[in-house]
Amino acid sequence: MIPRFKPALGWSELLALFKFKRGAVKKFEQAFARKFEAVDAVSFPYGRSAQWAFFKALGIEGAEVIMPSYTCSVVAHAVSLSGNIPRFVDIDLHDYNMDLGIAEALITSKTRAIIATHTFGYPQNLERLEKMVKKAEQEHGHKVWLIQDCCHAFGAKWKSRIIGSSGDVAIYAFNISKMITTIFGGMLTFQDQELANKLRTWRDAHYQKPSFIKSFKRRFYLLAVFFAFNSVIYGLVWWLQSKTPFLNKLTKAYHLDNKIHFPPDYKDKMLDVEASVGLLQLGRYDKIIRDRRRIAEDYNNKLEIRTGWVLPPIVEGATYSHYTIRVPNREEIKKEYAAKSVEIGELIQYSVPDLKCYTDNNSECKNATLCSRETINLPLHNNV
Ligand SMILES: Cc1ncc(COP(=O)(O)O)c(C=O)c1O
């Protein structure tokens, strides 16, 4: 069975699990900042808790935060749990990114931050975003923070500018479905050293050192992942996942879509073992992105298109965290491909404002709802 995604892990990441290295977190932060053209980087246990910490450390509370409707629900959870209000923006069907015209119209005197997600690795128009923020600041007379969510778009470029290298802060996440992994983990990158220092000091005062038991659990998890994604073994994993509730139960604490919730360890610091894996993954990054771009182009050139299918655009500078097609009959396609031993993904099966916990929000985002019903993701890893 070809899995819908597969972390690009090698034997060196496996060996790193058996070494007990101190100081890896600091090294990973420095290497990450260098790689993605930031002045500094501050690590966290998850992307969502990095985002939450940003709001808390800067005392942003009771504010409206503009964000896309078609994104991971935990982005909205981080906004809500930090005491702020998400304002959802519909997406552009061309590249799945937040529609900046709608975003601009939603800005009010209460808006204190804009989260621009580079969805599926497609770069948002940085120039337009920056203009929009400047205009909002001039109109309302206060700071409007520009947060770039780069969790799908490590190193993507908009017109030769690397995304995340402008604006106030960029967020990255490193769970096993991301382009590079640290088992679990998150990062904030900054262009302003003072702001980075502020976040690091705040994190050190509010986040704790994880337990020894957790560091063993994380090692065991990566070991299991390493073997589970072997294409022979993956058939069994796929069966457990699609035919039994067993694996869902294991991941439940990490991700609930219908409840505004964080995992209990969201205030643990990143582990040295996670950072050691991250350092090795950074070394693989260039090849990972090259392969993804090549496979995405191959799909676009060679896939036999059927009636009603909408293929994704090939965009210069995109990193293709996912290869997303819209199809009118998703369940049939999934069954058909499964019979050929190919697992089809459905990355975002909801528009966030349609989720039970956000329906009070009164936002209608028709394109996001359409995508939540029609999108599928084809595998984009070196087993394809
Ligand atoms: C676009 C986006 N932003 C943020 C996150 C949050 O990352 P994490 O799961 O590490 O909290 C994710 C999660 O996968 C994501 O897809």
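Author: Welcome! A word on classes before we start: Ala, Val, Leu, Ile, Met, Phe, Trp, Tyr, Cys and Pro count as nonpolar, Asp, Glu, Lys and Arg as charged, and the others, Gly among them, as polar. Please keep in mind that this is a predicted model.

Reader: Thanks! How do the residues of the shell around the ligand divide by class?

Author: The ligand is surrounded by 14 residues, and the closest are Tyr46, Gly47, Arg48, Cys151 and Ala173. Helices H3 and H4 each supply at least two residues of this shell. By class, the shell holds six nonpolar, six polar and two charged residues.

Reader: Which element gives the largest share of the side of domain 1 that touches domain 2?

Author: Domain 1 covers 19–206, while domain 2 takes in 212–263 + 285–378, and 34 residues of domain 1 are in contact with 34 residues of domain 2. On the domain 1 side, H3 (47–57), H4 (73–81) and strand S6 (157–158) each supply at least two residues. The largest share, five residues, comes from H4.

Reader: Which residues make the contact between H8 and H11?

Author: H8 (residues 212–228) packs with H11 (residues 272–302) at an angle of about 35 degrees, their axes being 9 Å apart. H8 brings Ser215, Arg218, Arg219 and Leu222 to the contact, and H11 brings Val273, Glu274 and Val277.

Reader: Lastly, where does H11 bend?

Author: H11 has 31 residues and spans 43 Å from its first C-alpha to its last, close to the 45 Å expected at 1.5 Å a residue. There is also a bend of about 50 degrees in H11, at Arg284.

Methods:
Residues numbered from 1 in each chain as written. Predicted model: local features only at pLDDT ≥ 70, side-chain atom pairs only at ≥ 80, totals over all residues. Domains from an automatic or database assignment. Contact = placed C-beta atoms within 7 Å. Helix = DSSP H or I, 4+ residues; strand = E, 2+ residues; numbered from the N terminus. Near = placed C-beta within 6 Å. Axes fitted to C-alpha atoms, helices over the stretch in contact; angles between N-to-C directions. Expected span 1.5 Å × (residues − 1). Bend = angle between axes of the 7 residues up to and from the residue.
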